[in-house]
Amino acid sequence: MASVTVTSCWKSLLLVALMDQMYVQVSPLSTVPSLLNLLSYDQWMISISGPDTVFPGQLSQFTCLTSCSLNVECTVTWKFRGGFPVGTYLSINKNVVKWTPSLPETFQTFTCIAENKAAGRSAEATKMVEVKVQISVQVSPINTVPSLNQSLNLICHDARFGDPQGLSDLVWYKDGQKVTLRENMWLQQNNLTLHFDSLLPSDAGFYQCQTYLPTSQTRVVSLGYLLSYDQWNVSISGPDTVFPGQLSEFTCLTSCSLNVECTVTWEFRGRFPVGPYFSITKNVVKWTPSLPETFQNFTCIAENKAAGRSAKATKMVEVKDIPISGSEAMQLSGLFAGILSLGLWVL
């Protein structure tokens, strides 16, 4: 009986020692149990609450919701992929972001990260938010193309409600000056509609409406509409042939005024440009390619969404291989032979 008792005791001591050793491996920074080193096999639930669409000048709130206890099991940080939020107000307080945007027709990506570095655990959620134009001038019907000697309606449109009736104290501007009504034009629907009975060449210009928003107690100038009888001209400047490792620049040239009459976006049909460097700044693309013997398509789009107008241009660029000397060719052939001997060649 005595030997059995001693054996059980040694087994208990061995189990305690093993458990203590396991604890030290899980949390090598401390031998004192802590909630921050909570051992759990459950995944943290995480999401971001808040609107999917926001408007310039209006305050919006986004909250990181997590199943872990903030500052006990996890801490929360924010990342803004693609650029820091641009606006007149931004505050970050733990798991809450408050933001008043200022740039319409853009997107903002919010990423919330819940993390416990001591336990090596983390989870994240991402939310993309669209900044829409709040007030804009549009043609009615929306796809109407202005034509000389034809009638036309311009309306001051509130994108928040889809109905302009909420606008008040409205004033129309043409090329920055208050509109002076002539015999071929008049105002309708409490000034919400500017009607042209028969368009004249002198009616061409850049139209905006200004209104008062009671909710924010501010006056807002709309995104404008360019009334024109000519099509926009768009082209892309830059080389037709580029080489790997060399920086090249492409510029979208437009007959419309950037960020006034139109905005510029880029598309890359077929595939995104591959290389060690790539940047887009407004209407300029800079690119250092890396794949020789390939072709890359660049498409530049000039657009005014409120006016329903757009124009585009496409340019095909060939990536040629850079000629190499005989000694470089020998070095490359030796390198390829070495790769083949190691069995690392991939077709």
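Q: What should I know about the model and its numbering?
A: The model is predicted: local features need pLDDT of at least 70, side-chain atom pairs count only at pLDDT 80 or more, and totals for chains, interfaces and linings use all residues. Residues are numbered from 1 along each chain as its sequence is written, and side-chain values use heavy atoms, with hydrogens and water left out.

Q: How many disulfides does the structure hold?
A: A disulfide is a pair of cysteine sulfur atoms within 2.5 Å. The structure holds five. Counting bonded cysteines along the chain, the pattern is 1-4, 2-3, 5-6, 7-10, 8-9.

Q: Which parts of the chain does the pair of cysteine 156 and cysteine 209 tie together?
A: Strands (E, at least two residues) and helices (H or I, at least four) are DSSP runs, numbered from the N terminus. The sulfur atoms of cysteine 156 and cysteine 209 are 2.0 Å apart. Cysteine 156 is in strand E10 (residues 152-158) and cysteine 209 in strand E15 (residues 205-213), so the link joins parts 53 residues apart in sequence. Its angle about the S-S bond is 75 degrees, right-handed.

Q: What is the handedness of the link between cysteine 64 and cysteine 112?
A: Left-handed, with -65 degrees about the S-S bond. Cysteine 64 sits in strand E3 (residues 60-66) and cysteine 112 in strand E7 (residues 106-116), 48 residues apart. The S to S distance is 1.6 Å.

Q: Is cysteine 112 buried or exposed?
A: Buried means under 20% relative accessible area, exposed over 50%, partly exposed in between (1.4 Å probe, protein chains only). Cysteine 112 is buried because its value is 0%. Cysteine 64 is buried too, at 1%.

Q: Where does serine 222 lie, and what is it in contact with?
A: Serine 222 is in the loop between strand E16 (218-221) and strand E17 (225-227). Contact means heavy atoms within 4.5 Å. Beyond neighbours within four places in sequence, serine 222 touches Ile135, Ser136, Val137, Gln208 and Cys209. Serine 222 is buried, at 4% relative accessible area.

Q: How much space lies in the second largest pocket?
A: Rolling a probe the size of a water molecule over the atoms shows where empty space is left. A pocket is an open set of points on a 1 Å grid over the protein atoms alone, where a 1.4 Å probe fits, with protein on both sides within 12 Å along at least five of seven lines; lining residues have an atom within 4 Å of a point. Here the second largest pocket holds about 220 Å³. Of its 15 lining residues, the closest to the centre are Val145, Pro146, Gln231, Gly308 and Arg309.

How values were computed:
Points joined across faces, edges and corners; volume = space filled by probe spheres on them.
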